[in-house]
Amino acid sequence: MLQRITLILILHLCINQVFGQQQYAVNLLGFEERIFRANKDTVDVIKLEKINYMINADSTKGQIVSELKRVNYSSLPDSLRVNALWNAALIAYLNKEIDLSFLYWSKYNTLTNDTSTQSILLGYLTSENLNKTINRSLYAKLISCDSQFVQFDNELHKSIELKGNTFKKVSSLLLPGSGLLINGNIGKGLLSMGLNTGTFFFVRFLISNNAWVNSVLWGSNLIGKFYLGGYRLTVKEIDNKQGRKQKMRAETSAHLLTSILDKYPLSLRLVY
Amino acid sequence: MSIRLTVFFVVFSIQSLFSQIDNTFLKHLSDNNLKIEYFSYLQNTTCSNDTLDFYFSKYHFQFGDDSSFLVHAARAKKLLKQDTSLLIHYSKHFLNKETQQSNEWFNSILDTSLLLNDQLKQLHLVYNLTQYPLETVELPLQLQKDYQLYYRATKKKPIVAGLFSAIIPGTGLLYLNKPRAFASNLAIVGGFGYQTYESSRIFGWQHPLTIINAAFFSGFYLVNVIGSYLEVKKNLRERQKQYLIHASTYYADTYPSSLY
């Protein structure tokens, strides 16, 4: 009887652990209860423990980043702060929160003055659109380590603006459809030319028959539809072409970055 | 044997006793937007169903699931009754929400037994004016203009607007105090009418151009009638929405409240 009672008690107390699906949430709650009851000195250390657990439990990057934001890094002991800031910078970068990542990386760099290629690379990637001076100085350090960075940086800064866009637009206004033809959209260009020519002859036919109201109303409607529509289509097709070029550039950059990261992997560091 | 059973119940009771809901901890979870932890905490707590429903309603309210909120809030009415500040908080939220959910909150859950102070009564009245409009009603000055516009919109009949537009194109919109829309509608339908007349005079009724013109004219004429009818309904919805948005903004500042 005593054994049965003991078993029931154990089962009752550990019921949550029995169900695996709930384990993750229960563990997070456990960390949070400790955080809630912790004093000022230990609270951020427990938050780091929680983040570590979340990383190991494959939580989403978004969830981890929101936990990272709760940590007061300045109150952490030096032994933990360095790696915690590195991890924070890396996870924020992976979650595409570049501003936040650069902020953590700057704090990390101020603290350590780390000259490893990995650290410089992370700083270079996060400072791209935020601080050009730092970005260029980090780039100078990177190319002294490996010439592969030159190719990557060139690809990143290569102009993708297509030439003759203004000419195509003006041409489309002067001779409807011609802008599309120059842009390489032969079918659409010919169709636009045909429709605009048809509109011209139709309006001429109405005027020659003294159907003035018809000529004004049909003319304004059809010109709005085909002439201005053709111009808008030209602008849209130019943008599409630009987008395709941009996509190609992004793919090449991603490919180059992958090979760089294979060589200089950016990995999370143990906090404990 | 009886000692063993006593031990069992004592341990069981102690565990349950420690499982009482810690409001300050829940506030901590809420402040930090910790959805998973909040849910897990409530799921693993042993307490009365009323209390659980009360806190689950707070959980769903904070994390944006209004329909689940309403289910739990309806079950936790006893506890809600004791927290008028929270009722005000919820009411302000439902002033400017989807009609069905707002209706459920204001007319099903927030019944007369819960309207225990003037602020709640005021919010209840402000919402219910959209269900049962009154010509004269005491409202804050800031809301009166919007309410009057809404009230006038309730007096407009879609069928009347449709009939007006059928007789003279666009006049249904004039009935709605939209003179610009009236002018453009009249110009468009009139223009197509004259275009049809002109082509019939020059080319005859059997000519394809006249047939096309006549088709366009008929189409625009019908659109003008149906459009005027629908515009009255749309106008009513917009006025109602505008009134409730302003009411919601106004009371957010006037009646400060929080979830905890």
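Reader: How many helices and strands make up the secondary structure of chain A?

Author: In this predicted model, the secondary structure of chain A comes to 14 helices and 0 strands. From the N terminus on, the elements run α-α-α-α-α-α-α-α-α-α-α-α-α-α. The radius of gyration of chain A is 31 Å, well over the 19 Å that the globule rule gives for 272 residues, so chain A is more spread out than a compact globule. Its C-alpha atoms fill a box of roughly 110 × 60 × 30 Å along the principal axes.

Reader: What share of chain A counts as buried, and what share of its contacts joins residues 24 or more positions apart?

Author: Of the 272 residues of chain A, 25% count as buried. Among contacts with a separation of 6 or more, 53% in chain A are between residues 24 or more positions apart.

Reader: Which domains is chain A divided into, and what distance separates their centres?

Author: Domain 1 of chain A covers 20–145 and domain 2 covers 165–259. Taken over C-alpha atoms, the centres of the two domains are separated by 50 Å.

Reader: Turning to chain B, what are its helix and strand counts?

Author: Chain B has 14 helices and 0 strands, in the order α-α-α-α-α-α-α-α-α-α-α-α-α-α along the sequence. The box filled by the C-alpha atoms of chain B is roughly 110 × 45 × 30 Å. As for burial, 31% of the 260 residues of chain B count as buried. Residues 24 or more positions apart make up 60% of the chain B contacts that have a separation of 6 or more.

Reader: How should I read a nonpolar core, and which residues of the largest one touch the most other members?

Author: In soluble globular proteins, nonpolar side chains tend to be buried together. Here the largest nonpolar core has 39 residues, and B:Leu95, B:Trp105 and B:Ala247 touch the most other members. Leaving aside residues up to four places away in sequence, B:Ala247 touches B:Leu95, B:Val126 and B:Leu143. A second, separate core has 31 residues, including A:Leu48, A:Leu90, A:Ile91 and A:Leu142.

Reader: Which residues of helix H4 of chain A are buried?

Author: An α-helix has 3.6 residues a turn, so residues three or four places apart point the same way. Helix H4 of chain A, residues 40–56, has buried residues A:Asp44, A:Val45, A:Lys47, A:Leu48, A:Lys50, A:Ile51 and A:Met54. From first C-alpha to last, the 17 residues of H4(A) reach 26 Å, close to the 24 Å expected at 1.5 Å a residue. Just after H4(A), A:Asp58 takes a positive phi of about 55°.

Reader: Where is the kink in helix H14 of chain A centred, and what covers the buried residues of that helix?

Author: H14(A), residues 212–263, has 52 residues and reaches 75 Å from its first C-alpha to its last, close to the expected 76 Å. Its kink is about 35° and is centred on A:Ile223. The buried residues of H14(A) include A:Trp218, A:Phe226, A:Leu233 and A:Ile260. Their cover includes helices H10 (148–157), H11 (165–174), H12 (178–182) and H13 (186–208) of chain A, together with helix H13 (179–203) of chain B.

Reader: Is A:Lys241 in that helix buried, exposed or partly exposed, and why?

Author: A:Lys241 lies in helix H14 of chain A. A:Lys241 is partly exposed because 16 other C-beta atoms lie within 10 Å, and a residue needs 20 or more to be buried. Not counting residues up to four places away in sequence, A:Lys241 touches A:Leu162 and A:Asn183. A:Lys241 and A:Gly184 are 57 residues apart in sequence and 9.6 Å apart in space, C-alpha to C-alpha.

Reader: What phi values do A:Lys96 and B:Asn33 have, and where do these residues lie?

Author: Most residues other than glycine have a negative phi, and most peptide bonds are trans. A:Lys96 has a positive phi, near 65°, and its place is in the loop between helix H6 (78–94) and helix H7 (98–112) of chain A. With 11 C-beta neighbours inside 10 Å, A:Lys96 counts as exposed. Phi of B:Asn33 is also positive, near 60°. B:Asn33 lies in the loop between helix H2 (23–31) and helix H3 (35–43) of chain B, and B:Asn33 is exposed, with 12 other C-beta atoms within 10 Å.

Note on methods
Residues are numbered from 1 along each chain as its sequence is written. Chains are lettered from A and ligands numbered from 1 in the order in which they are written. This is a predicted model: local features need pLDDT of at least 70, side-chain atom pairs count only at pLDDT 80 or more; totals for chains, interfaces and linings use all residues. A nonpolar core is a set of buried Ala, Val, Leu, Ile, Met, Phe, Trp, Tyr and Cys residues joined through C-beta atoms within 7 Å. Two residues are in contact if their C-beta atoms, placed from the backbone, lie within 7 Å. Domain bounds come from an automatic or database domain assignment. Helices (H or I, at least four residues) and strands (E, at least two) are DSSP runs, numbered from the N terminus. The expected span of a helix is 1.5 Å times one less than its number of residues. The bend at a residue is the angle between axes fitted to the seven residues ending there and the seven starting there. The radius of gyration is taken over C-alpha atoms; the globule rule is 2.2 Å times the number of residues to the power 0.38.
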